[in-house]
Amino acid sequence: MTGPTGDDTAPAAAAAPAPPPSEHYDVVIVGGAIIGSATAYFLSVHPDFHGSILVVERDPTYARSSTALSAASVRHQFSRPVNIRLSQFASECIEHFADLVEVDGEVPDLGFRDTGYLFLAANDHQMDELRASHAIQRAEGAAVRLLDRAEVGTRFPHLTTDNLVGASLGERHEGTLDAFSLLQGFRRRARANGVEYRHDEVVGIDTEGTFRVDPDGTPHGEGRATAVRLASGAVVGCGTVVNAAGPRARWVAEMVGLRLPVVPRVRSVFAFDCRTPVADPFPLTIDPANVWVRREPPIYLAGTKPQPDPDAALDDFAVRRDEWEDRVWPTIAHRIPAFEAVKLVRSWAGHYSVNVLDANAVIGPPPGLPNFLFANGFTGHGLQHAAGVGRGLAEWITGGRYTTIDLGELGYERILANEPFLELAIIA
Ligand SMILES: Cc1cc2nc3c(=O)[nH]c(=O)nc-3n(C[C@H](O)[C@H](O)[C@H](O)COP(=O)(O)OP(=O)(O)OC[C@H]3O[C@@H](n4cnc5c(N)ncnc54)[C@H](O)[C@@H]3O)c2cc1C
């Protein structure tokens, strides 16, 4: 078992040999932010699940979780049916959130704003990609529309269209919400349903059986996770373990010897004020220069992918100010002339959990260790996919298969085979 390096609070190595567990839960979830809490919630409401659930969370303030630092947006514009379906389920949950998570008459306000997403294309290759994704999105029932350059200009007169070929616009169910309210809703309702949350840190996982992992990462044999060891010294027996540790997921995988190509990468978000507000409609806009911008009334948010984009230390939350000056502001000021006069009012940095194989999530068990489940590597779309993934894991844990959205394509097998499951619409 290994602790993360470069960490501000690296866990102490657990002592060996392990004492026997003094308590037992049917499911232990490592990490209680959006993925862990959505999983706990959907398990707690699954009609065939009657067990006990413990969520272990090292920082119950969630101050540095990806969830709390997210740009908190939802879109149906993906190129893989599984990703589109997960987002569609997010929309269902947003619509019915009050019914799902109400506790004592209280429901957190998600503040969902149905703004749409506008992906801009600057050349034929980009437009062909949007067209290919569009066909898949339409087949999945997504309300999306392709626009030529003239239509982009007519519908969104605040945009400079001179170097554009066209765009793809989501017309319904895409927009922005309050990430923390989404988390609190699932978490509070899960607790009301009997899920226990504990402030502690998982520092080791015990297994039994012949399960082993070769130095090249290949698993062999059959085994089971039997207990998690906590930084406090507690040893908790478990029927199933879910790795919902976000940017720390790789180290939780290492606790059972498995390799997970998921790394923390810094993403900065810049909040700015604009003297001349841009009129609605203002969809979340993805510029071909790989810069996104959206409204967060009364201000605006924007960001981009760092170039280069190194792995981050777990305690590195320094905002990359040069990105704002060198790339983000010049790009948005060209695209939206009103943004030539803006004032940066705030900025923050969070961690993406980037699956370096294909930037897509890794869901479900590895071969040979059926009660250890991944729910990791969501890059920039984990907030919106949490509900669908949580429900899928609840189905897997109770019945051994996915009964709603088939998450099989997101399985760990592709990691072992080194076969990327590529998604065209990654906002990296
Ligand atoms: C700047 C930014 C913008 C984003 N924008 C969007 C967006 O617009 N839409 C979208 O869908 N997604 C977006 N994302 C991605 C999204 O926020 C994440 O995919 C999602 O929040 C991941 O949730 P998580 O629960 O896996 O991870 P986290 O929120 O990081 O939670 C993991 C939790 O596990 C805990 N933990 C870790 N290790 C242990 C351990 N050993 N023991 C106990 N607890 C542990 C941590 O303390 C943490 O609370 C964005 C992310 C960032 C950083």
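What share of the contacts in the protein with a separation of 6 or more comes from residues 24 or more positions apart?

A: The share is 76%. A contact here means two residues whose C-beta atoms, placed from the backbone, lie within 7 Å. This is a predicted model: local features need pLDDT of at least 70, side-chain atom pairs count only at pLDDT 80 or more, and totals for chains, interfaces and linings use all residues. Residues are numbered from 1 along each chain as its sequence is written.

Begin with the fold. The protein has ten helices and 20 strands (DSSP runs numbered from the N terminus: helices are H or I with at least four residues, strands are E with at least two). The radius of gyration, taken over C-alpha atoms, is 22 Å. The globule rule (2.2 Å times the number of residues to the power 0.38) also gives 22 Å for 428 residues, so the protein is as compact as a globular protein of that length. Along the principal axes, the C-alpha atoms fill a box of roughly 65 × 45 × 40 Å. Of the 428 residues, 50% are buried (20 or more other C-beta atoms within 10 Å of their own; exposed means 12 or fewer, partly exposed in between, with C-beta atoms placed from the backbone).

Next, the domains. Domain 1 is 23-70 + 180-261 + 357-417, and domain 2 is 113-172 + 264-351. These bounds come from an automatic or database domain assignment. The two C-alpha centres lie 32 Å apart. At the boundary, six residues of domain 1 are in contact with six of domain 2. The domain 1 side of this boundary has two nonpolar, two polar and two charged residues (Ala, Val, Leu, Ile, Met, Phe, Trp, Tyr, Cys and Pro count as nonpolar; Asp, Glu, Lys and Arg as charged; the others, Gly among them, as polar).

Now the ligand site itself. Both domains give residues to the shell around the ligand, so the ligand lies between them. The shell has 38 residues (a residue is near if its C-beta atom, placed from the backbone, lies within 6 Å of the molecule). Gly31, Ala33, Gly246, Gly350 and Gly382 come nearest to the ligand. Several elements each supply at least two shell residues: α1 (34-45), β2 (53-57), β14 (262-274), β18 (342-355) and α9 (382-399). By class, the shell divides into 18 nonpolar, 14 polar and six charged residues.

Val228 deserves a look of its own. Neighbours within four places in sequence aside, Val228 is in contact with Val28, Val56, Val202, Ile205, Val236, Cys238 and Val241.

The loops hold some backbone details. Tyr62 sits between β2 and β3 (73-74). Its phi is positive, about 60°, although Tyr62 is not a glycine. Tyr62 is buried, because 20 other C-beta atoms lie within 10 Å. Asn290, between β15 (284-287) and β16, also has a positive phi, about 65°, without being a glycine. Asn290 is partly exposed, because it has 14 other C-beta atoms within 10 Å.

The bond from Pro297 to Pro298 is cis, with omega near 5°. Pro298 lies in the loop between β16 (291-296) and β17 (299-304). Gln307 and Pro308 are also joined by a cis bond, with omega about -5°. Pro308 belongs to the loop between β17 and α8 (321-335).

His50, in the loop between α1 and β2, is exposed, because it has 8 other C-beta atoms within 10 Å. From His50 to Ala279 is 229 residues in sequence and 51 Å in space, C-alpha to C-alpha. Ala132, in helix α4 (residues 124-139), is exposed, because it has 12 other C-beta atoms within 10 Å. Ala132 and Arg250 are 118 residues apart in sequence and 33 Å apart in space, C-alpha to C-alpha.
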